[in-house]
Amino acid sequence: MADLENSVTRVDIAAMRVEYGVDAGENHPGRETDLDESWLADGWEPLLRKWIEDATSAGVSDPNAMVLGTVEMTEQGPKPATRTVLCKGLSPEGVTFYTNYESFKGRALAATPYASATFVWPVLGRQVTVRGPVHRVSAEITEVYWRLRPRGSQLGAWASQQSRTIDTRADLDRQMTETTARFADVDQIPVPPFWGGFQIQPETVEFWQGRRSRMHNRIRVLLEPGNTDVAAMKVERLQP
């Protein structure tokens with residue numbers, strides 16, 4: 001182990017730094033116009049959708065990935081937790097993702113139905129954070145999305161008791177084998193009763209664009225959760 005440590009060149013984490021907004025070619029994000037309040041004239045959802053599409057065009061892996069933050073209430077007080085999930089629905093009403101309702105995040109959201117989700121695209125020097133109350137989507141909406149999932153993902157949802165401990169990888173593989181056999185003769189695997197979607201209804205949506213000398217652009221949209229009227233939203237610029 002000591003030999004391995006000696007053979008590895010240590011990286012100075014404190015010295016790591018990216019200078020955003022540096023011109024480096026015709027298509028480099030540093031050449032784009034500064035983020036402006038006018039970009040939100042049609043609301044927050046069209047701009048977030050465009051940025052996800054831009055990330056897709058740039059070849060970003062999982063451009064719809066977002067870091068989801070929830071709060072667990074314990075005897076010691078509130079304890080935040082984060083993990084990466086995939087956005088699977090985007091509309092003026094909010095941001096939707098799917099999970100096992102009995103997972104850590106599912107139970108946390110049941111107890112404290114409020115969340116924060118951050119999309120990060122470093123290669124583009126962009127980030128968006130959505131915060132607001134959370135509710136379960138309807139069984140009908142969950143059913144529609146479930147039918148779009150690959151069969152293997154459907155089987156995995158049934159096989160895994162998400163967030164529960166398990167002794168070995170072999171035990172997990174055995175659960176998947178047993179589940180696959182259970183549904184072998186079933187053409188359309190049903191939605192598990194413990195699985196479905198959550199939607200974050202935005203209370204705030206912050207758009208971040210990296211710029212030189214850490215003088216980044218930050219524009220925040222303030223909304224009434226559930227109110228999709230663009231005229232009702234407030235747009236303000238924040239200091240970096």
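## Exercises on strand pairing and the nonpolar core

Strand 1 (residues 65–74) and strand 5 (residues 114–121) run antiparallel and are joined by three bridges; strands pair if DSSP finds at least two bridges between them. Strands (E, at least two residues) and helices (H or I, at least four) are DSSP runs, numbered from the N terminus. The model is predicted: local features need pLDDT of at least 70, side-chain atom pairs count only at pLDDT 80 or more, and totals for chains, interfaces and linings use all residues. Residues are numbered from 1 along each chain as its sequence is written, and side-chain values use heavy atoms, without hydrogens and water.

**Exercise 1.** Trace the pairing of strand 5.

*Solution.* 
1. With strand 6 (residues 126–136), strand 5 pairs in the antiparallel sense over eight bridges.
2. Within this pair, alanine 117 has valine 130 of strand 6 as its bridge partner.
3. Four residues separate strand 5 from strand 6 in a hairpin, and glycine 125 in the turn has a positive phi of about 65°.

**Exercise 2.** Describe the largest nonpolar core.

*Solution.* 
1. A nonpolar core is a set of buried (under 20% relative accessible area, 1.4 Å probe, protein chains only) Ala, Val, Leu, Ile, Met, Phe, Trp, Tyr and Cys residues joined through side-chain atoms within 4.5 Å.
2. The largest core has 33 residues; Trp44, Val95 and Phe119 are among those with the most contacts inside it.
3. Helix 2 gives the largest share of this core, six residues.
4. Contacts of valine 95 (heavy atoms within 4.5 Å) beyond four places in sequence include Trp44, Leu48, Phe119 and Val130.

Key: Buried < 20%, exposed > 50% of the residue type's maximum accessible area, 1.4 Å probe, protein only.
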